[in-house]
Amino acid sequence: MKSLAAAAMAAIEDGSARVGGAVEILCDPPVRAWSGYGPLVIEGETYDGLGDRDVGIAGGAAIGGIAQNTTLSLSGIEPEVLALLEAAELRRAPVTVRSLIFDSSGTEFLDHFVHRRGRVDRVIVRETSGGTATITLEVESPGRGLGRNTGRLRSDADQRLIDPNDGFFKNVSFAGEK
């Protein structure tokens, strides 16, 4: 269970709380953004407001949903900003998605909590001719393997796909999963 400040709990209970989101991507340099206007300080770090840009967060809510990927989408990106995006630097960078709780006016920041953690798996950029772009980040949760392009190793043939000279598994009939 998440522990929230008394003011945040009161706002949630009476139905007046406004919820926002913040994303921290620990690449070089770190990217910190939130779904509002102006800077916002969370745990000593300053997050830049995204303003009028559209932000979408999608994730699994089924049993085992914590092991599902989270998709972050940001649209309305200007071409100048898009030129600064270096997808190779984002790959496998740690990501923290936070839920933010504000008062009914949306101006007083009451509390926050970590919604999801993971690492950047894929970066998809969709550009519109003469207009803005949409950036979509797929964040892989810690419950899934990063960079896995094959199944878990179970046989000699699987191992030889990775290293043709490694014949260790020729003596093993089955290598079970962890």
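Predicted model: local features only at pLDDT ≥ 70, side-chain atom pairs only at ≥ 80, totals over all residues.
Biologist: What makes up the secondary structure of the protein?

Modeller: There are four helices and nine strands, where helices (H or I, at least four residues) and strands (E, at least two) are DSSP runs numbered from the N terminus. In order from the N terminus, the elements run α-β-β-β-β-β-β-α-α-β-β-β-α.

Biologist: Why is E24 called buried?

Modeller: Buried means under 20% relative accessible area, exposed means over 50%, and partly exposed lies in between (1.4 Å probe, protein chains only). E24 has a relative accessible area of 9%, so E24 is buried. Of the 178 residues in the protein, buried residues make up 31%.

Biologist: How do you know that E24 and R32 form a salt bridge?

Modeller: A salt bridge is a side-chain nitrogen of Lys or Arg within 4 Å of a carboxyl oxygen of Asp or Glu. For the side chains of E24 and R32 the N to O distance is 2.7 Å, and R32, with a relative accessible area of 17%, is buried. A search of the whole structure finds five salt bridges.

Biologist: Which residue forms a salt bridge with E24 at 3.6 Å?

Modeller: That residue is R98, with its closest N and O atoms 3.6 Å from those of the pair.

Biologist: Is R98 buried or exposed, and what about E43?

Modeller: R98 has 6% relative accessibility and therefore counts as buried, whereas E43, at 60%, counts as exposed. The side chains of R98 and E43 also meet in a salt bridge, at 3.4 Å from N to O. Because R98 lies in strand β7 and E43 in the loop between β3 (40-42) and β4 (45-49), the pair ties together parts that are 55 residues apart in sequence. Through shared partners, salt bridges join E24, R32, E43, E45 and R98 into one network.

Biologist: What makes the largest nonpolar core a core, and which residues belong to it?

Modeller: A nonpolar core is a set of buried Ala, Val, Leu, Ile, Met, Phe, Trp, Tyr and Cys residues joined through side-chain atoms within 4.5 Å. The largest one has 11 residues in all, including V23, I25, C27, L72 and A93. At least two residues of this core come from each of β1 (18-25), β7 (94-102) and β9 (133-140). Apart from it lies another core, of seven residues, among them W34, L40, I42 and F102.

Biologist: Why does D121 count as buried, and which residues is D121 in contact with?

Modeller: D121, which lies in strand β8 (residues 109-127), has 15% relative accessibility and so counts as buried. Contact means heavy atoms within 4.5 Å, and, leaving aside neighbours within four places in sequence, D121 is in contact with N69, R91, E138, V139 and E140.

Technical notes:
Residues numbered from 1 in each chain as written. Heavy atoms only, no water.
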